[in-house]
Amino acid sequence: MTNKRLSNATVPQLPAATVVPSYDRNGIAPGIVHLGVGAFHRAHQAVYVDDCLAAGETEWGIVGVSLRSPDTRDALAPQDGLYTLAVRSSGGEQLRVVGSILSMLVAPEDPGAVLAVLTDPRTRIVTLTITEKAYLRAAGGGLDAAHPDIVHDLANPHAPKTAHGFLAEALARRRAAGTPPFTVLCCDNLPANGATLHRLLVEFAALRDAGLTSDARLAASGDASLAGHIADEVAFPSSMVDRIVPATTDADRTRIAVDLGVEDAWPVMTEPFCQWVIEDDFPAGRPAWEKFGATMVGDVRPFEDMKLRLLNGSHSAIAYLGLLSGHATVDRAFADPAIRQFVDALWAEAIPTLPEDAGLDTSAYTAELTERFSNTALAHRTAQIANDGSQKLPQRIVASAVECIEAGTEQVHLTLVVAAWIAACAARGKTLPEAHFTDPLDAALTPLLRKQLPANETVAAVFDLAGFASDHAERQTLIELVAVHLVHLRRDGPVLAFAALGIESDTP
């Protein structure tokens, strides 16, 4: 290991094979604020922006905002915001230093500083990767108005905690100052993510409007309601993002420090593949992302559905069935012949639910996924993918299963994924470590699963808790199908569940 740290000062000393920023970082102006600076953002959107900065688009530097933890700021601040992106494949590793993040803020430490950058006229785009659960949706999909953080933000608009509170207050201040609104670009795995965030923020703003007196509302926003302003004047393009980003390990840090000759507190691991499909609706302008591989479209939904149902859906399947089969990483699980056969059959069920007239090449896409899942260099942990299943499965699996039932087509592989999630949750503290992965519903889910109710009762209770297929005519049919799989998983794990589908398993 070395005592030197990655920074502006040490970049010139890096090995010649390392790709480094080719632009003067001191000449970059902030134009994008990103909420939720995790590893995915640093492996995806920040890289596209880095390419644009290198091409001379100097007004699009990123100010990163952590809504919860100071960890990323604490790691990157001593490094002048620089970090290493390690692009890993079975054939080797390419290191790149990314310089697009100019500064980092931690919202709980100084919400006023976050509001200041959001109201800065130079800020024209706000991007988000805050994870599905941070959108604080109720079971029916609307805003969870009773969530303590929402209640706090409605009562304390000048010191918010949530993305909703920061966006609403910043847009209100910009409006009062005569500053045009920024474009809000959601980059999380939500169905119709831009439209979803738009609806949630309008709901939040309406609650905020209702809590203000008429005079206070006029003083804050100028004339009509903030909800109306957000509904009519603020752009929320949807986007679809795709890149596998495993968690960084201490071994990764050590290896990269040796290769670079300097220490990087938080490098990011990723794969060569990268995809970004964006609805082109940016009234305040945007970087030329399309020059560096982004696809600008009028409607992102077909691409989003393909990704959610084929990539994300199979990822969840590999995670839960992999955990139950004793596989720690995606490549090892995917190398299991039974899981490999299962994924092929899962894709065969999901593909007919995608639009036929959208120009999607599902054969090429699944061939690409096969190569990506087989990447032995990534070591993408199944436990990492398993997190937050109650938030992910509705759009990844349940929606496809419901459509298959409606169409009268097979859905037995889709419903096994839901049962595998339930079984994997129940296995924590038994065959899996206690906190091997987590879910937002764990406080209620864990005691429920400990009761060991009959499979039908367990599945029905989980569906009630998670809101799966809520109010749908085929909900009971779905519950019964999932319960059959859960019986098999409880009796003999994936072996019996696979056997019931005609898949032979080598798992003992």
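Leu432 counts as buried because its relative accessibility is 9%, where buried means under 20% relative accessible area, exposed over 50% and partly exposed in between, with a 1.4 Å probe and protein chains only. The model is predicted: local features need pLDDT of at least 70, side-chain atom pairs count only at pLDDT 80 or more, and totals for chains, interfaces and linings use all residues. Residues are numbered from 1 along each chain as its sequence is written, and side-chain values use heavy atoms, with hydrogens and water left out.

**Surroundings of Leu432**
- Leu432 sits in the loop between helix H17 (412-427) and helix H18 (442-450); helices (H or I, at least four residues) and strands (E, at least two) are DSSP runs, numbered from the N terminus.
- Leaving aside residues up to four places away in sequence, Leu432 touches Leu323, Ala424, Ala427 and Phe437, a contact being heavy atoms within 4.5 Å.

**Overall fold**
- The chain contains 20 helices and 11 strands.
- Its C-alpha trace spans about 60 × 60 × 45 Å along the principal axes.
- Of contacts between residues at least 6 apart in sequence, 77% join residues at least 24 apart.

**Burial and surface**
- Buried residues account for 55% of the 508 residues in the chain.
- The accessible surface of the chain is about 19,500 Å², and 52% of this belongs to carbon and sulfur atoms, with areas from the Shrake-Rupley method and a 1.4 Å probe; for residues, only the protein chains shown count as cover.
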